[in-house]
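Here is a short briefing for a reader new to this structure. Look at the sequence and the model first, then read the points below.

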Amino acid sequence: MRNLIHLMTTLVATTLCLGSLQAAPLEPLAASRTTNATAATMLDAGWAQGRLVAVGDHGTVLLSDDQGRSFRQAAAVPLSTPLTGVSFVDATHGWAVGHWGAILASTDGGDSWQLQRLSSAEDRPLFAVHFFNPRQGVAVGLWAQVLTTDDGGLNWNEQKLQPPPGASRADLNLMGLFADREGHLYATAERGQVLRSDDQGKHWRYLDSGYAGTLWTGAVLADGSLLVGGQRGTLLHGTADGLTWKRVPLKSKSSVTAIAVSGQKVAVVGLDGLEVSSADGGLNFQERQTAEGVSLTAALLNGDGAPILFSRRGVVPVQGQEARAVPSGE
């Protein structure tokens, strides 16, 4: 638990469960370009069709056009604050979110970014973003914050959540977003809650997983069922409607931080080097804990179904090869 609190406190949710925030002035600073960007802590990754885009600490954005074998740093990122989520809808249009309620947009596949939103009065981080198409998107974060847009992020509207069952107010931190093929959107949250929206984030209902801790991440499996993960080695397999859940038994108590799905292949990663995989759509899982024990923070599956992993120490080398940083013009 101490490792989880340390990682999430310093990198993902500095204010998570720490009480009220103090307002502070913010002067946006552009992310600096560095020769060791591949060693920066990366917190999320996604595909812009064939291009890999990963975001992380200090406003770092890494791009790869060769399935993660080499990376280059994005040319123009207007903020140096941590970026915690990224979502692309095609080869060009993408968004990233992070601390200070920041939302950035790209129209060139992640090479350059423009600032769409910043809340300088308080650091109320956004933890995840999902776009359905180039116009309609959702971002979620601290204290039940839900923002939606219908114009590609030119305007963001805050949606008021109803309190979860048995609670007097809606104050859960919303940690992750994922969607199914029918456009149903799910958010993972504290107190074992999974939220579902059928209207692109404007209204939500709570799905109780039966777990009492925080759920950090989730994904939809090939058969339409749900897989979510969180604290203390928690991995839960839910029916497509989210009404029934069962625990996937793991030996490890390391917290699950990311889940990636491609067809029948499933990759689950977590703190302390936790790696869990399935080759049959989540019917059976194989678990291992890497000897190095580095905390894994994000994962993707390449075209062959092999995992591309990211950690608090940066890009995890593919097949034992050192991740190569290339100049942006190469």
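The model is predicted.

- Strand S23 spans residues 274-278, and four of its five residues are buried.
- Strand S22 (residues 265-270) runs antiparallel to S23, and four bridges join them.
- Three residues lie between S22 and S23 in their hairpin, where Asp272 takes a positive phi near 60°.
- S23 also pairs with strand S24 (residues 286-289), again antiparallel and over four bridges.
- Ser277 in S23 stands opposite Ala267, and its bridge partner in S24 is Gln286.

**Aromatic pairs**
- The count of aromatic pairs is five.
- One of them is Phe71 with Phe310, edge-to-face, at 6.1 Å centre to centre and 80° between the planes.
- Phe71 sits in strand S4 and Phe310 in strand S26 (residues 307-311), 239 residues apart.
- Phe71 counts as buried because its relative accessibility is 1%, under the 20% cut-off.
- Phe310 is buried too, with a relative accessible area of 0%.
- Phe131 and Trp156 form another edge-to-face pair, with 5.9 Å between centres and 85° between planes.
- Phe131 lies in strand S9 and Trp156 in the loop between strands S11 and S12, so the pair ties together parts 25 residues apart in sequence.
- Both Phe131 and Trp156 are buried.
- Ring pairs link these two residues and Trp95 into a cluster.

**Arg72**
- Arg72 lies in strand S4 (residues 70-73).
- At 11% relative accessibility, Arg72 is buried.
- The side chains of Arg72 and Asp111 are joined by a polar contact of 3.0 Å.

How values were computed: Residues are numbered from 1 along each chain as its sequence is written. This is a predicted model: local features need pLDDT of at least 70, side-chain atom pairs count only at pLDDT 80 or more; totals for chains, interfaces and linings use all residues. Side-chain values use heavy atoms; hydrogens and water are left out. Helices (H or I, at least four residues) and strands (E, at least two) are DSSP runs, numbered from the N terminus. Buried means under 20% relative accessible area, exposed over 50%, partly exposed in between (1.4 Å probe, protein chains only). A polar contact is a pair of N or O atoms within 3.5 Å; within protein, one must be able to donate a hydrogen and the other to accept it, and residues adjacent in sequence count only if both atoms are side-chain atoms. Two strands pair if DSSP finds at least two bridges between them. Rings of Phe, Tyr and Trp (its six-membered ring) pair if their centres lie within 6.5 Å; planes under 30 degrees apart count as stacked, over 60 as edge-to-face and the rest as tilted.
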